Amino acid sequence: MKKTLLALALGITSSTSFAATVGTGAIHFYGRIDASTCPIEIIDPVTGNPESGNRILMGNVDASQFTTPGSEAAARSFGMRITPGGGCTVNTGDVANVSFTGAFGGAGTGGTLYALEAGGAQNLALTLKDDTGTSGVT
């Protein structure tokens, strides 16, 4: 039995203004599920189909979408699904809790955003939001 865990919104927010000229590039958001957890796959929330490589592809975002510090652009929705088996049991009525730890530390005021890998896009950070649009970063 497959059980849909949770749908989250994914957004990128800037912490400072962009310069007038910005190079082009792609942003890829991806993570790892440790063996000590239940198997989780990233799914498209509309179709329920698995995302290739469990990656959230952010696509190409025009810098003009970031108009002021703190503005957001490129929101992407995704879901996570637990597939029981291999020592993982999911019973009817079970509630799952999800936590996320960014690999590159905090960013933004008070570290409430997730930093991106050094050497990539500057003055950008990541926020995860739940299905109500509330940031899950505390």
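This is a predicted model: local features need pLDDT of at least 70, side-chain atom pairs count only at pLDDT 80 or more; totals for chains, interfaces and linings use all residues.

The entries below follow the order in which I looked things up.

**Entry 1: salt bridges.** I asked how many salt bridges a search of the whole structure finds. The search returns 2. I recorded the general principle that side chains of opposite charge can pair when their charged atoms come close.

I took the pair of R81 and E41 to begin with; their side chains meet in a salt bridge, with a distance of 3.0 Å from N to O. This pair links distant parts of the chain, since R81 lies in strand β5 and E41 in strand β3, 40 residues apart. I then checked burial and found that both R81 and E41 are buried. For R81 the relative accessibility is 11%, so the residue falls under the 20% limit for a buried residue. I also noted that the side chain of R81 reaches the backbone oxygen of G48 at 2.9 Å.

I turned next to K129, which forms a salt bridge with E72; the closest N and O atoms are 2.8 Å apart. Here too the pair links distant parts of the chain, with K129 in strand β8 and E72 in strand β5, 57 residues apart. I looked up E72 separately: its relative accessibility is 42%, and therefore E72 counts as partly exposed.

**Entry 2: strand β8.** Is strand β8 mostly covered or mostly open? I found that 6 of the 6 residues in β8 (residues 124-129) are buried. Both faces are covered: L124, L126 and L128 are buried on one side, and A125, T127 and K129 are buried on the other. I also looked for a pairing partner and found β7 (residues 113-115), which pairs with β8 in the antiparallel sense over 2 bridges. Y114 has L126 of β8 as its bridge partner.

**Entry 3: nonpolar core.** I asked which residues make up the largest nonpolar core. The core has 6 residues, namely I42, I56, M58, A74, F78 and M80. Strand β5 gives the most to this core, with 3 residues.

**Entry 4: positive phi values.** A74, a member of that core, has a phi near 65 degrees, a positive value in a residue other than glycine. A74 is placed in strand β5 (residues 72-82), and its relative accessibility is 10%, so A74 counts as buried.

I recorded N54 as well, with a phi near 55 degrees, again positive in a residue other than glycine. N54 is found in the loop between β3 (40-43) and β4 (55-57). At 28% relative accessibility, N54 counts as partly exposed.

Conventions
Residues are numbered from 1 along each chain as its sequence is written. Side-chain values use heavy atoms; hydrogens and water are left out. Helices (H or I, at least four residues) and strands (E, at least two) are DSSP runs, numbered from the N terminus. Buried means under 20% relative accessible area, exposed over 50%, partly exposed in between (1.4 Å probe, protein chains only). Two strands pair if DSSP finds at least two bridges between them. A nonpolar core is a set of buried Ala, Val, Leu, Ile, Met, Phe, Trp, Tyr and Cys residues joined through side-chain atoms within 4.5 Å. A polar contact is a pair of N or O atoms within 3.5 Å; within protein, one must be able to donate a hydrogen and the other to accept it, and residues adjacent in sequence count only if both atoms are side-chain atoms. A salt bridge is a side-chain nitrogen of Lys or Arg within 4 Å of a carboxyl oxygen of Asp or Glu.
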